[in-house]
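Please have a look at the protein below before reading on. The notes after it are meant as a friendly walk through its fold.

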Amino acid sequence: MISLDNPRDSAERVVSELLRVPPAADELGRVFAAHGHLLHLVGGSVRDALLGRPATGATGAPADLDFATDARPERVLEITRGWAEATWEAGIAFGTIGLARRGLRFEITTYRSEAYDRQSRNPAVTYGDSLEADLSRRDFTVNAMAVSVPGHDFVDLFGGMADLARGVLRTPARPEASFDDDPLRILRAARFEAALGLTPVPELVEAMRSRAERLAIVSPERIRDELRKIIGAPDPVAGLERLVEIGVAEMVLPEVAAMRMEIDEHHQHKDVYAHTMTVLRQAMALEEPGAPDEVLRWAALLHDIGKPRTRRHVPGGRVSFHHHEVVGRDMARRRLAALHFPKDVTEAICQLVYLHLRFHGYGDGEWTDAAVRRYVHDAGPQLTRLNKLVRSDCTTRNRRKAAALSRTYDSLEERIADLAAREEIASIRPELSGDDIMALLGLAPSRLVGQARAHMMELRFERGIVGREEAEAELFRWAREHEVPIPGE
């Protein structure tokens, strides 16, 4: 224990400088003290302060402050009534009360002990009476540090600060017991490796491996949330490779695990899995600084998951993966649906997986303007991401080939920009709308109107903007060809 307000030596003064307690935390601590209860700032707030990380959330807003207390949830509501501007009780069954005041959010959790049984997906919560017992049941030592408020006593009973300094990840209790308490901690360990660069100690890795099957009792939503945090971390490859190594990926992302040992058609990588991790890294390098692109990262990770199922040996000792983009799109949709991903995120990712090979038909720039328009139209709002994914998918070690591909990418993007300067290529639509077609041909809504519109869209692709008069002439020509009566004729 260290008194942050009265450090005894230079080492304690360093800790005191790092652990600046937010004034709002002290204010809340005084409210609890006035009612005879203890309050400690715990978890990520303390860890991140020691790491010198900004206390902000993913959106840039102030991060939530997490606290532990000896007060029961009902008592927390009682003593903060009037102080908190808003409260929420969504986590009250797990001992957590949420508060809001002056734009800040606070989560106060009663000292507790929790464990999963073998069948349930929900923890059975029992309350504890001491800070030490509460900290001992937390996931990792780096999250088992606390600071009392308003007293400012820093408590580190399990060596969390030393583990941060060494860059290792350990559990306060035996790792097997910790993962039995909550199997999701296995994924959290991979996330901390990806996000903070903390390497699990060998005994932790073995416990992750031996308890992997326990993840079957965890809800898809909790697994999804951890996977999204891993993919959005500074080094998602480290976390993903850990999951593959210990066999957990076979349970939560089996399509990724299946890519190992599948030789790619270029024979430039030992397997599709290694190629995929390279593509993910290269896609990240094309992101805007400080702005992780989750959709792009997922697309990079999943773009080749169709290869194992489409692998075929062809003469000459080569391997083909025909239509793996179609198979991969459908596999990605099923996996993301099983993890309960938002539909818009799922569709964006699947669209990129499906289109990631489209560029390879461009060759040395033989595409017509119509083909370029189709490429832009099919990509829609994912065009920028698709260009990044296509560039990232080049992992050849042949520098001359890589340079040639890069020039070809540049050529396509220049042609897109040139067409965009002359016409609305970003939102291609027929010059005659469905309403126009019905008015000109005297039709009611029907399949015939859809066919006419599809023809006008083809005209738009092939010839660009031709003007209203010529568009109407083409519609009438199509109508005569298909024996559709034209009013007045």
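Here is a short report on the domains, the sheet and the salt bridges.

This is a predicted model, in which local features need pLDDT of at least 70 and side-chain atom pairs count only at pLDDT 80 or more, whereas totals for chains, interfaces and linings use all residues. Residues are numbered from 1 along each chain as its sequence is written, and side-chain values use heavy atoms, with hydrogens and water left out.

**Domains**

The protein is divided into domain 1 (7-166), domain 2 (174-258), domain 3 (288-422) and domain 4 (434-482); these bounds come from an automatic or database domain assignment. Between the C-alpha centres of domain 1 and domain 3 the distance is 44 Å.

**The sheet**

Helices (H or I, at least four residues) and strands (E, at least two) are DSSP runs, numbered from the N terminus. Two strands pair if DSSP finds at least two bridges between them. An open sheet is built from eight strands with mixed pairing, in the order β1-β10-β9-β2-β3-β6-β5-β4. At its edges stand β1 (2-3) and β4 (86-88); each has a single partner strand, so one side of each is left without a neighbour in the sheet.

Let us follow the sheet from β1. Strand β1 runs antiparallel to β10 (residues 153-156), and two bridges join them. Here I2 has F154 of β10 as its bridge partner.

Helix α4 (residues 73-80) lies across β3 (65-69), β4, β5 (96-101) and β6 (104-110), and runs at about 15° to β5. Contact means heavy atoms within 4.5 Å. Axes are lines fitted to C-alpha atoms, for helices over the stretch in contact, and angles run from 0 to 180 degrees between N-to-C directions.

**Salt bridges**

Side chains of opposite charge can pair when their charged atoms come close. A salt bridge is counted when a side-chain nitrogen of Lys or Arg is within 4 Å of a carboxyl oxygen of Asp or Glu. The structure holds 45 salt bridges, including these:

| Pair | N to O distance |
|---|---|
| D163 and R170 | 2.9 Å |
| R260 and E250 | 3.3 Å |
| R209 and E245 | 3.8 Å |

How accessible are the partners? Buried means under 20% relative accessible area, exposed over 50%, and partly exposed in between (1.4 Å probe, protein chains only). D163 counts as buried because its relative accessibility is 1%, while R170, at 25%, counts as partly exposed.

R209 and E245 meet in a salt bridge. This pair links distant parts of the chain: R209 belongs to helix α9 (residues 202-210) and E245 to helix α11 (residues 236-245), 36 residues apart. R209 is partly exposed at 34%, and E245 is partly exposed at 42%. Both belong to a network of salt bridges that links E193, E206, R209, R242 and E245.

R260 forms a salt bridge with E250. R260 lies in the loop between α13 (254-257) and α14 (272-285) and E250 in helix α12 (residues 249-252), so the pair ties together parts ten residues apart in sequence. R260 is partly exposed, with a relative accessible area of 32%.
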